[in-house]
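Please look through the sequence and the model below before reading on.

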Amino acid sequence: MTQPSSAFTAACIQVNAGRDVYPNVEAASALVRQAREEGADMVFMPENVTMMEWGRKNIQSKAMPEEDHVGLAAFRDLARDLKIWLHCGTLAVSVGDGMVANRTYVVDGDGAIRARYDKIHMFDVNLANGETYKESSTFRPGDEAVVVDIPFGRLGLAICYDLRFPHLFRTLAKAGADYLTIPAAFTRTTGQAHWHVLQRARAIETGCYVISPAQTGTHAEGRQTYGHAVIVDPWGTVLADAGEDPGIILARVDPEKIAEARGMVPALTHDRAFALEVE
């Protein structure tokens, strides 16, 4: 694996997005600017940063094709203006046949798109408190894992429910990822139970930094998200936690910590083939 190139300051923004794209873009952009002013070298935004809508028809009606997406255009302009690398959370992108992609973008300081990733795992669940979600009825799942070169090393991309599939993150790490980002709109119910332990586990398993911006608070139709955007180091230590209010967190990301963690527990090099016997 290549050695990541340099230390940097990462920032996550945490938002309480509503149904309408334009005020959400303005709120997110203001937080990105604040993070830049406070020394961030790269800023990460959460899932559904431009729209927390509910219902298939509502989401379809507000999704936009990539070439016309006002959120993407605004974030590309923002990155260019601030001369900063920007992870654009996720956007609802029309992909034809009435389907939508839950897509993330990585944009460089010139506003150029350096990577795209469509959420692979669909959140189709029935929670004990009566909450029901069926993302597959609206969203077309992705089928490609993505690692992208950034100025500080290599970044592996994932989105929200992907967090529960450790083989994805092992694949990203073995493909050279030094950092993992998992933008999310985690439900309050599942977040209280699982968010922190899963974030820390993904960092520990891979020896990567995990940088996970989040939605927080109450959204359309009374749906609630957990918040607690986090930055976790490769040993599983939480360096920053946003709590439950909108805002930003920053942490210094030191590549030497990646080599240190992987040197002590080189699990990524210890895979062994095995057979499965079911009796």
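The paragraphs that follow go through selected residues and their surroundings.

The model is predicted. A first point concerns the cysteines. How many disulfides does the structure hold? The number is 0. A disulfide needs two cysteine sulfur atoms within 2.5 Å. For Cys 12, the closest cysteine sulfur belongs to Cys 160 and lies 14 Å away, so the two are too far apart for a bond. For Cys 208, the closest cysteine sulfur is that of Cys 12, at 15 Å, and this too is too far for a bond. Cys 12 is buried, with a relative accessibility of 1%, and Cys 208 is buried as well, at 0%.

Is Pro 234 buried or exposed? Its relative accessibility is 3%, so Pro 234 counts as buried. Gln 34 is 200 residues from Pro 234 in sequence, and the C-alpha atoms of the two are 27 Å apart.

The next topic is the salt bridges. The structure has 19 of them. One joins the side chains of Asp 81 and Arg 33, with an N to O distance of 2.9 Å. Asp 81 belongs to helix H3 (residues 70-82) and Arg 33 to helix H1 (residues 21-37), so this pair ties together parts that lie 48 residues apart in sequence. Both ends are partly exposed: the relative accessible area is 48% for Asp 81 and 35% for Arg 33.

Another salt bridge is formed by the side chains of Arg 116 and Glu 66, at 2.7 Å from N to O. Here Arg 116 is in strand E6, while Glu 66 is in the loop between helix H2 (56-62) and H3; the two are 50 residues apart, and the pair links distant parts of the chain. Arg 116 is partly exposed, with a relative accessible area of 40%.

Asp 271 and Arg 170 also meet through their side chains in a salt bridge, with 3.0 Å between N and O. Which parts of the chain does this pair link? Asp 271 lies in the segment after H6 and Arg 170 in helix H4 (residues 166-174), 101 residues apart. Asp 271 is partly exposed at 45% relative accessibility, and Arg 170 is partly exposed at 25%.

Met 264 is part of helix H6 (residues 255-264). With a relative accessible area of 48%, Met 264 is partly exposed.

The remaining residues are found in loops. Asp 108 is placed between strand E5 (99-107) and strand E6 (113-118), and at 4% relative accessibility Asp 108 is buried. A polar atom of the Asp 108 side chain lies 2.9 Å from the backbone nitrogen of Asp 110. Beyond its neighbours within four places in sequence, Asp 108 is in contact with Ala 79, Ile 84, Trp 85 and Arg 114.

Two further loop residues have a positive phi without being glycine. For Asp 97, phi is near 55°; for His 228, phi is about 60°. Asp 97 lies in the loop between strand E4 (91-96) and E5, whereas His 228 is in the loop between strand E14 (224-226) and strand E15 (230-232). Which of these residues is buried and which is exposed? Asp 97 is exposed, with a relative accessible area of 81%, and His 228 is buried, at 14%.

Terms used: Residues numbered from 1 in each chain as written. Predicted model: local features only at pLDDT ≥ 70, side-chain atom pairs only at ≥ 80, totals over all residues. Heavy atoms only, no water. Buried < 20%, exposed > 50% of the residue type's maximum accessible area, 1.4 Å probe, protein only. Helix = DSSP H or I, 4+ residues; strand = E, 2+ residues; numbered from the N terminus. Polar contact = N/O pair within 3.5 Å; in protein donor to acceptor, adjacent residues only side chain to side chain. Contact = heavy atoms within 4.5 Å. Salt bridge = Lys/Arg side-chain N within 4 Å of Asp/Glu carboxyl O.
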